[in-house]
Amino acid sequence: MNKMFCFQCEQTAGCTGCTGSAGVCGKKADTALLQDRLTGSLIGLARALGGNEDLITPETDKLFVEGLFTAVTNVNFNNETINALTERIEAEKRRIVPDCAVCPSSCGRTDDYDMQKLWNADPDIRSLKSLILFGVRGMAAYAYHADVLGYRDETVNAFFRKALFAVGMDDWGMDELLPVVMQVGEVNLRCMELLDRANTETYGHPTPTEVPLTVEKGPFIVISGHDLYDLKQLLEQTKDKGINIYTHGEMLPAHAYPRLKKYPHLKGNFGTAWQNQQKEFDNIPAPVLFTTNCLMPPKASYADRVFTTEMVSYPEIVHIGESKDFTPVIEKALELGGYPEDREFTGINGGNKVMTGFGRNAVLSNAETVIAAVKSGDIKHFFLVGGCDGARTGRNYYTEFVKQSPADSIILTLACGKYRFNDLDLGTIGGLPRIMDMGQCNDAYSAIKVAAALAEAFGCGINELPLSIVLSWYEQKAVCILLTLLHLGIKNILLGPTLPAFISPNVLKFLVDNYGIAPISTPEEDMKKLLAK
């Protein structure tokens, strides 16, 4: 008998599912079961709200967002905090339907959903429901970051309830579920636009910025994740304390925001992608603050230097709550003292600096240069090579693919997959670097806006542009972004390093037949095929 079942991330065991005492990510079986209980409770809350929408409060919406975000891979490994969140959800359900709080499962309306029904469902139904569930988990992360900055969208919040209600409907077939799958992509586009507006109106539009990889002598803090608000609070609290701040992972694009880069002690970037953290954090004389995924189980050698905040949680690791008082992190940085001398680090290809900040505003402000370069033949092809990084063998494909890209092509990239190649120097075209980092995974919105603007400029559809999309995926944010691209009708996407375990053969056939999705092969074969487009 399986001790757990989880197949929501790319590294899932045997490309089929983690079923033993722990998942490949480090999540233990009892934690996986508690996350299932949490999700079943959310579905029960969605059922309870049927006909009771007038009772929805901001706290109700917050519970859906936090509950979905908590179950994203590498966010929460802490049974205690998962249970506490589940109890909050149950209390909210009792508030809404007090007379039905203990009604039997035959009621079919307010009872919590047994996730084993999903994991053991017909393969095609399980596949479609998994796309819905994992998609809204990723979308909830974006909604959470927007909400922190005071930006909310009722359409997005209402869809979380609709999607979870659909997952819990045992009598729904493909005809009912497929439209909901596609709606995930539609609403996620709206959610990414919301977060883009929240970030740019709060911190300004990103501008191209060179980021050093050298760590200067003295106390420092490494901050990882996606939440710019947490970084801003940390920068404020460390002003004039002699502590430098270095980004890690998905926090790298923060250097490009005008109202963050004004802090002189935001110095550079430390380390590479998330899956290297157990090696890269092992001996550094500094604390690390995780604001979102991807947290890996900390090794004993540095566990006392790891801090979490927001929805991130790990047993016995110090958590910074809603007060956002980062004093424990600051004190640890001062205690450890940092390096006695400047310490040079490099990216995985030996580069000592990286560029970021090529968001939609920065790229489109150079639209005339780009369009002229295309018309003159200086730029013959665009590649969007981005997505999640991960530990599975074969991800060096993306490094080799970029290295083999012709000198007359532009590489647009985003998310942590860029760490495979963002320290390469591929030169420039028309004064523009050939590698343009557009930001975090949620900044796929920028890539979409740029592609749409180019299509308008050349009077064609996005699929007719000399643009190829080569994606790497790892967790649930990649699922909602992929569904957004499909919602927009974008075809012939290459996806790797493996196809999702939760995609059944029939659902895969639908995606291939309608959208031309294909797995990556080799850099040489794929490059040849794409350039012949």
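Buried means under 20% relative accessible area, exposed means over 50%, and partly exposed lies in between, using a 1.4 Å probe and protein chains only. The views below come from a predicted model, in which local features need pLDDT of at least 70, side-chain atom pairs count only at pLDDT 80 or more, and totals for chains, interfaces and linings use all residues. Residues are numbered from 1 along each chain as its sequence is written, and side-chain values use heavy atoms, with hydrogens and water left out.

View A. Let us start with some backbone background: most residues other than glycine have a negative phi, and most peptide bonds are trans. E316 has a positive phi, near 65 degrees, although it is not a glycine. You will find E316 in the loop between β6 and β7 (318-320); helices (H or I, at least four residues) and strands (E, at least two) are DSSP runs, numbered from the N terminus. With 84% relative accessibility, E316 counts as exposed. C15 is another residue other than glycine with a positive phi, near 55 degrees. C15 sits in the segment before α1 and, at 33% relative accessibility, counts as partly exposed.

**View B. Two cis peptide bonds.** The bond joining N293 and C294 is cis, with omega about 20 degrees, and C294 belongs to the loop between β5 and β6. A cis peptide bond also runs from G496 to P497, where omega is near 5 degrees. P497 is in the loop between β15 and α17 (505-515).

View C. Look for P297 in the loop between β5 and β6. Is P297 buried or exposed? Its relative accessible area is 18%, so P297 is buried. Leaving aside residues up to four places away in sequence, P297 touches C25, G26, F77, Q278, Y302 and Y314; contact here means heavy atoms within 4.5 Å.

**View D. Helices α1 and α3 side by side.** Two packed helices are described by the angle between their axes and the distance between the axes. For helix α1 (residues 29-48) and helix α3 (residues 79-96), the axes come within 9 Å and cross at roughly 15 degrees. Axes are lines fitted to C-alpha atoms, for helices over the stretch in contact, and angles run from 0 to 180 degrees between N-to-C directions. The two helices are therefore roughly parallel to each other; angles under 35 degrees count as roughly parallel, over 145 as roughly antiparallel, 65 to 115 as roughly perpendicular and the rest as oblique. Among the residues of α1 that meet α3 are L34, L38, L42 and L45, while the α3 side includes I82, L85, I89 and I96. The residues of this contact comprise nine nonpolar, seven polar and six charged. In this count, Ala, Val, Leu, Ile, Met, Phe, Trp, Tyr, Cys and Pro are nonpolar, Asp, Glu, Lys and Arg are charged, and the others, Gly among them, are polar.

**View E. Helix α7 against helix α15.** The axes of α7 (residues 174-203) and α15 (residues 444-457) lie 9 Å apart, at an angle of about 105 degrees. That makes α7 roughly perpendicular to α15. L189, M192, E193 and D196 in α7 meet A444, Y445, S446 and I448 in α15. This contact has five nonpolar residues, one polar and two charged.

View F. Rings of Phe, Tyr and Trp (its six-membered ring) pair if their centres lie within 6.5 Å; planes under 30 degrees apart count as stacked, over 60 as edge-to-face and the rest as tilted. The count by this rule is 22 aromatic pairs. In one of them, the ring centres of F5 and W119 are 5.6 Å apart and the planes stand at 50 degrees, so the pair is tilted. F5 lies in the segment before α1 and W119 in helix α4 (residues 115-119), so the pair ties together parts that are 114 residues apart in sequence. Both F5 and W119 are buried. For F281 and Y302, the centres are 6.1 Å apart and the planes are at 85 degrees, so the pair is edge-to-face. F281 and Y302 are both buried, and they belong to one aromatic cluster that also includes F220, Y246, F270, F290, Y339 and F345.
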